2 protein chains.
Amino acid sequence: MRIGELAEQAGTTTRTLRYYESRGLLPARRDGNGHREYDETDLRLLRQIRMLQDFGFGLEDTRPFVECLQAGHPAGDSCPTSLAVYRAKLAELDACIGRMQEIRTEVAAQLARAEVELSAGLPGGPDPQCALAHGSAPPLREAQEEATT
Amino acid sequence: MRIGELAEQAGTTTRTLRYYESRGLLPARRDGNGHREYDETDLRLLRQIRMLQDFGFGLEDTRPFVECLQAGHPAGDSCPTSLAVYRAKLAELDACIGRMQEIRTEVAAQLARAEVELSAGLPGGPDPQCALAHGSAPPLREAQEEATT
DNA sequence: GCTGGCCTTGACGCCGACGTCAAGGCCTAC
DNA sequence: GTAGGCCTTGACGTCGGCGTCAAGGCCAGC
């Protein structure tokens with residue numbers, strides 16, 4: 001099958017396939033006209049890459065899986081190197097999720113505080129010079145120092 | 001104070017401050033030599049921006065906070081537009097965290113399945129042609145934080 | 001023979017938040 | 001005078017994963 005068909009089968013674009021080839025993943029045979037030729041094996045390879053990409057893996061992270069398949073293993077994750085990538089990615093995910101939850105907590109705290117201050121300052125505070133074009137800016141008097149935590 | 005000192009106070013670089021200025025945040029006065037001049041107000045502005053950046057906010061997302069401070073409000077989040085950004089970012093964070101947890105679950109499932117298959121296949125399975133030089137130590141990757149989309 | 005459709009390679013564009021370099025100006029100290 | 005240290009503007013580089021041309025080749029159908 002040719003590049004356009006493979007791209008369609010995998011739900012991606014020809015540009016992407018050529019990019020993968022340029023990165024050394026997904027090699028291609030050529031027919032008489034120099035056109036790339038693919039088979040079902042390549043489709044499986046490609047689907048493997050796409051799945052990992054959907055997980056947020058970088059292209060380089062998919063390489064062990066690709067090499068594993070190319071070596072004749074039944075699946076991309078039939079090799080220890082692939083499993084190592086899984087584990088590393090799990091650790092990354094955990095770290096990332098944890099960090100984002102921390103941030104979420106902090107932002108929520110900021111929002112809550114600011115809401116209280118706004119509602120407390122609204123009834124009759126001074127009026128800062130609001131030369132802003134995008135609408136009303138309600139007054140507020142209570143100032144706060146550093147909010148780094 | 002001059003740009004180098006402000007950068008140091010805020011724990012950032014002069015390049016960053018000039019970049020902020022070019023984006024219309026953090027304007028600067030000039031002295032006789034054309035050098036930028038800042039004061040404590042600018043430092044507070046800058047700290048506000050940096051805090052939001054640390055939360056993973058894009059620079060454009062900090063603009064309402066900056067304008068709020070510049071309008072004379074006591075804090076960057078003393079304005080409704082800033083609160084709206086907080087809320088939007090919370091929603092983004094929730095979506096992002098949720099997505100990453102889904103992914104985490106899927107990856108963990110893949111890993112578990114692959115581990116079982118490996119241990120089941122190892123004792124006496126076929127030996128694919130492994131022409132790969134996979135004896136090197138696993139690459140240590142830095143954990144990267146994904147921005148909220 | 002001509003149009004249309006698929007393919008080829010090559011190269012620049014994009015996004016964000018800067019890093020890094022280049023060339024030059026001004027002031028201070030020695 | 002000259003070395004050093006701060007500052008200025010401008011412009012190109014970075015990272016990933018492609019998108020988007022541009023210019024051209026080959027083949028099928030009419």
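This is a predicted model: local features need pLDDT of at least 70, side-chain atom pairs count only at pLDDT 80 or more; totals for chains, interfaces and linings use all residues.
Some housekeeping before that. Local features here need pLDDT of at least 70 and side-chain atom pairs pLDDT 80 or more, while totals for chains, interfaces and linings use all residues. Residues are numbered from 1 along each chain as written, chains are lettered from A and ligands numbered from 1 in written order, and side-chain values use heavy atoms, without hydrogens or water.

Okay, helix α1 of chain B, residues 3-10. Helices are DSSP runs of H or I, at least four residues, strands are E runs of at least two, and both are numbered from the N terminus. B:Ile3, B:Leu6, B:Ala7 and B:Ala10 are buried there, meaning under 20% relative accessible area with a 1.4 Å probe, protein chains only; exposed is over 50%, and partly exposed is in between. Those four sit on the same side of α1(B), because they cover an arc of only 100° around the axis, taken from the directions from the helix axis to the C-beta atoms. Their cover includes α2, β2 and α3 of chain B, with contact meaning heavy atoms within 4.5 Å.

Next, B:Asp77, in the loop between α4 and α5 of chain B. Buried or exposed? Buried, because its relative accessibility is 3%. Its side chain makes a polar contact with that of B:Tyr86, at 2.8 Å. That term means N or O atoms within 3.5 Å; within protein, one must be able to donate a hydrogen and the other to accept it, and sequence neighbours count only if both atoms are side-chain atoms. B:Asp77 also touches residues of chain A, including A:Gln110 and A:Arg113.

Last, B:Gly24, in the loop between α2 and β1 of chain B, is partly exposed at 47%.

Methods. Lists of a residue's contacts leave out its neighbours within four places in sequence.
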